[in-house]
Amino acid sequence: MSGINYSEKIPNNVNLTTDRTLQRALEHWQPHFLEWWKGMGPTDFQGADVYLRTATSVDADGWATYGTVKMPDYRWGIFLADPQKDRTIGFGDSMGQPVWQQVPGEYRSTLRRLIVTQGDTEPASVEQQRLLGHTCPSLYDLRNLFQVNVEEGRHLWAMVYLLHAYFGRDGREEAEELLARHSGDADKPRILTTFNEPISDWLSFYCFTYFTDRDGKYQLKSLAESGFDPLSRTCRFMLTEEAHHMFVGETGIGRVVKRTLEVMKALGSDDPAKIRAAGAVDLPLLQKYLNFWCSSSLDLFGNEISSNSAANFANGLKGRPDESTYEDHVLRDKTFQLKTPQGDQAVPMLNALNEVMRESYLKDCEIGLKRWNRQIERAGHAFRLTLPATNFRRSIGAWMGLPVGPDGKMIAKEEYDKNLYHWIPSPEDKAFVHSLMKRVAEPGKMAGWVAPPERGINNLPVEYEYVKLH
Ligand code: BYC
């Protein structure tokens, strides 16, 4: 089961040949996907040879092989983690019952909505990043961008497989719609706001892969708990791919911090104007980017009080990340202390699960912050990077649209408006960051605003020509 069949048109480990109707339907969707990739994927690099990893098995050890591939020839396919024998539903009111191999009729539309929302983010991120290749800080980074992009494309395949295999005609229509909505499109935007934000510079790309891909990790972890077994198995395998995306974010920001500290040392100054004049990103500017992308990604968890999340949990559709680490898996008698603009409020735990997830997500976000701050501390500087308060700049939930600073304190609207560009990138800040974005495409060379990585990909040297541009 673990091995992937690459001899077929659509690589898969789900015995696709045994279901001709499904195979035909997916083979019909495949050229639409490729058209979308060529039209909306990375611009101008379709002929480049890229050093990419491809899944060969879904085993924990050695699932990836590395090789040089032109992106349109990447073998996108359908890979599910192996089934767990006698798996039972691990939470909610049906806890302990066998997991479902088919969609229960009563949960059909909810499951479809969850799968479509998840699926929508994957091509959205490819669209958001499509121009970044032109301003890559190095070939190493360019390769990482493309690795992330092809894997997001594969994550779309993962969700489209579920739609085609389990949701009949509605599912096939939704699969087409996933290619028809586009990031930032005025008429047909992507479903979730963050996926309509442009990512036109590499600092944003690092922040996106740090914060937004981490939301992906948490959402996928919660769907991996699902009682709908094919969804669980799909998400379990997607999580193994997701880890690299967050690595790109965490090491990317770490490399920016490292370079800035080198420039500060050389200048003997922490004056942002001098650091910018020397072509590096001052730490307060980095803080603004963290504030922007963290607050934007926090919205992706939905409302703090959500009857959807309560029903999804009670019905065994969507659990908490790492559900087995909790004691109570039913949560009918528990309450949660929620911070609201009207004061603290006790709400049924079931209705507060989006917030529970948001809290564990934020703890995970702290890990990188600690590492970056250690770098800053070691260099002898007092400055510390922080995460903004969860109620800062929220566009969804109880704090939506309220004038709250990154320290979590409510302030007068005028003061908020006046200070917003002290907290998130101003148009001038963005223009400065854009001015740094110049393509560096010689093997081993690095843009001046980011330090080289500590090591290359798959034990190759950093100087390796990871993308051959021709
Ligand atoms: N923007 O009860 P509520 C990733 C809607 S990232 C716009 O509060 P619920 C990736 C909501 O749909 C992970 N609308 O929320 C990362 C609902 O609408 P309906 C993506 C929003 O349902 C990087 C209404 O508001 N995965 O993989 O508990 C690169 C009330 O909703 C938003 C998923 O999201 C928003 N931010 O939870 C590539 C997992 N938030 O139904 C990929 C699947 C809420 O009343 N999705 N709404 O019309 C879900 O689990 C849930 O849909 C949400 C919301 C977590 C998004």
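The ligand takes up the space of the largest pocket in this predicted model. Around the ligand stand 28 residues, and the closest of them are Gln118, Asn303, Ser306, Asn308 and Lys318. Sorted by class, this shell holds 14 polar residues, together with 7 nonpolar and 7 charged ones.

Three helices, α2 (108-128), α5 (202-224) and α9 (307-314), each provide at least two of its residues. Helix α2 gives the largest share, with 7 residues.

Ser306, one of the closest residues, places a polar side-chain atom 2.6 Å from an oxygen atom of the ligand. Asn308, also among the closest, has an N or O atom in its side chain that lies 2.9 Å from an oxygen atom of the ligand. With Asp299 it is the backbone that takes part: one of its polar backbone atoms is 3.0 Å from a nitrogen atom of the ligand. As for the ligand's surface, the ligand taken alone exposes 1000 Å², of which the protein buries 81%.

Another feature to find in the structure is a pair of strands. Strand β3 (residues 335-340) and strand β4 (residues 343-348) run antiparallel to each other and are paired over 6 bridges. The link from β3 to β4 is a hairpin of 2 residues. To follow the pairing by eye, a handy place to look is Phe336, which stands opposite Val347 in β4.

Key. Residues numbered from 1 in each chain as written. Predicted model: local features only at pLDDT ≥ 70, side-chain atom pairs only at ≥ 80, totals over all residues. Heavy atoms only, no water. Near = heavy atom within 4 Å. Polar contact = N/O pair within 3.5 Å; in protein donor to acceptor, adjacent residues only side chain to side chain. Areas by Shrake-Rupley, 256 points an atom, 1.4 Å probe, with all protein chains shown as cover. 1 Å grid on protein atoms, 1.4 Å probe; cavity = no way out; pocket = protein on both sides within 12 Å on 5 of 7 lines; lining within 4 Å. Sits in = over half its atoms within 2 Å of the grid points. Helix = DSSP H or I, 4+ residues; strand = E, 2+ residues; numbered from the N terminus. Nonpolar A, V, L, I, M, F, W, Y, C, P; charged D, E, K, R; others polar. Pairing = 2+ DSSP bridges.
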